[in-house]
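The sequence and the structure come next.

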Amino acid sequence: MRGLVKTYPPARSRRGEPAAAPVRASDGIDLDVRRGEIFGLLGPNGAGKTTLVRQLTGLLRPDEGRVELLGHDLVRHPERASRLVGYLGQESTALDELTVALAAETTGRLRGLDLRTARAERDAVLDELGLTPLAGRPLKKLSGGQRRLACFAAALVGDRPLLVLDEPTTGMDPVARRAVWAAVDRRRAERGATVLLVTHNVIEAETVLDRVAVLERGRIIACDTPAGLKELVGDDVRVDLVWRDAPPLDVPEVAALRESAQETGRRWSLRLGPAEARAAVAAVTGGPAFAALDDFTLATPSLEDVYLALGGREKGLMKG
Amino acid sequence: MTAVSAEAVSGKAPAASAPRPWSEDGGPAPLAPRARLLPALAAVYRAQLSRARVARIPLLFVATFQSVGIMILMRGVVDGGAEARAVVAGSSVLVVAFVALNLLAQYFGQLRASGGLDHYATLPVPPAAVVLGAAGAYASFTAPGTAVTAVVGSVLFGLPMTHLWVLVAVIPLAGAALAGLGAALGLLAPRQELATLCGQLGMSAALLLGVLPAQHMPAPVAYARDLLPSTYGVEALARSFDAHPDWLRTAADLGVCAAVGVVSLAAATWAYRRAAVR
């Protein structure tokens, strides 16, 4: 992707109200994803992840810029995307009233498979994901996580060199999540498939991704491996303090900490160097401050800290 | 995306034995085949019919009961003759209008509003296959209700059932015209509520203009009746109750249905293409 720009026209204003400003959902995005990589797009809601993905799948045309996918120019030939990409969107309405088996089979048929191949692949994928017992149930009757897994199954029928998965594990239990990541890994290992994953779940991003781009307001604010991104914040430690009610500001050490703390209700979040962190913990766990302390945690930095350190202004990232 | 293989960058060893058809360097990746029109149409048709079976059977009952109820009401007013034929034919085609026009407009309106069209738009499937498959499924779903209504009506008004086989042509052709219209309305309406409203209005028009005998209508209403594609299905069916039906005019009526069907399905396909890629 090169210099990608997508501006949504401003929402039409009602009479008497000022017009809203146009939204630049992709604001000059440059991104290279390598073949065979599991690449993540991380960012809060409204950061432009889905807009970016829709331009990759040929659903949206960029206003400017280039999208090259496995040697194909997608801006010139958007229709080629469907022959290269297996896409799992956020919506399942097109499949909701079908049974799991028919949803997978129909999707395979519409990916150009003949009936026999579509059925064979359907059976293989349902089996791989542990969905065979649910094969005859309509998607509508399944729980959110099971429905998501069924849609994921449909996305896998009919091999594609690139899988674009928009928050694939939303609502899934750990067993289903593991099935998803195993299936993704298998396609990468056996067929060299590339996977582009949209997520706002930092834990997931840390464990499954080879590289990750952090998006905010239509811009990429960082792009590296999860470990590489964490090095950006060095060996900083995150200290979370929860006070019983009011923080004991009469203790000078606590008053000093307040300046670098991010306050949310009774909770203070601080990012400190190791020595400072040790001092802070000593200060609050000994002496008069301890009586006011309800709980405290020390943690090594997560991608969330990276995101905050990079100047992420929105706080929409989910942990866990 | 650039064409740098993962092995080259990360130094991972490729799996020795497994085929890795997509990871070779150089040259664009081969494109997967497109779905061809007829198999894709068949797949969409089958899927839509199955969803209609699950979700729409109660609605088919409603449509049939509505039509049968209208005929029973009209039985008190109409005493056989041309008017009775119009009532039975109008009520039968109303079932088609209810499902093919009204429900399909709602379905496409809802699919478009919820982003469900993305699913089809990211598959290499010809737009015509999606529209024709859905329209065909909804139209064939009306067959049992239409047949039941026609038979009940014939018994109720003592009409001959000799030529009722003409339904074999009326249902698909009126179905094509009305389903095409429904799909086009659903896909073109800027908002989902408008799609629903248009579908309902279309069905009400088919009800009022199809069931009420045409002879007593004021001129502007009669023109409106001529503009409604379902009218020609009604006329064709009404003619078949004659002892010696005028087959030429029946064929002409059905020809109008077919022509409207072709045009409206083409419009719906265009609308789908427009709605799918924004």
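The crossing of helices α3(B) and α6(B) is right-handed. The contact draws on B:A84, B:V88, B:S91, B:S92, B:V95 and B:V96 from α3(B), while α6(B) supplies B:G145, B:T146, B:T149, B:A150, B:G153, B:S154 and B:F157. The model is a predicted one.

Two packed helices are described by the angle between their axes and the distance between the axes. In chain B, the axes of α3 (residues 81-114) and α6 (residues 143-157) cross at roughly 165° and come within 8 Å. Angles over 145 degrees count as roughly antiparallel, and α3(B) and α6(B) are therefore roughly antiparallel to each other.

**Chain B as a whole**

Chain B contains 11 helices and 0 strands. Its pattern along the sequence is accordingly written α-α-α-α-α-α-α-α-α-α-α. Of the 278 residues in chain B, 50% are buried. Among chain B contacts between residues at least 6 apart in sequence, 83% join residues at least 24 apart.

**The nonpolar cores**

Which residues have the most contacts inside the largest nonpolar core? They are A:A153, B:L104, B:A135 and B:Y138. Helix α3(B) gives the most to this core, with 20 residues.

| Core | Size | Residues, including |
|---|---|---|
| Largest nonpolar core | 161 residues | A:A153, B:L104, B:A135, B:Y138 |

**Helix α1 of chain A**

Is helix α1(A) enclosed by the rest of the structure or open to the outside? Helix α1 of chain A (residues 49-56) has 8 of its 8 residues buried, so it is largely enclosed by the rest of the structure. The buried residues in α1(A) are A:K49, A:T50, A:T51, A:L52, A:V53, A:R54, A:Q55 and A:L56. Just after α1(A), A:G58 takes a positive phi of about 80°.

Terms used. Residues numbered from 1 in each chain as written. Chains lettered and ligands numbered in written order. Predicted model: local features only at pLDDT ≥ 70, side-chain atom pairs only at ≥ 80, totals over all residues. Axes fitted to C-alpha atoms, helices over the stretch in contact; angles between N-to-C directions. Helix = DSSP H or I, 4+ residues; strand = E, 2+ residues; numbered from the N terminus. Parallel < 35°, antiparallel > 145°, perpendicular 65-115°, else oblique. Left-handed = near helix turned anticlockwise from the far one by under 90°. Contact = placed C-beta atoms within 7 Å. Buried ≥ 20, exposed ≤ 12 C-beta atoms within 10 Å, placed from the backbone. Core = buried A, V, L, I, M, F, W, Y, C linked by C-beta atoms within 7 Å.
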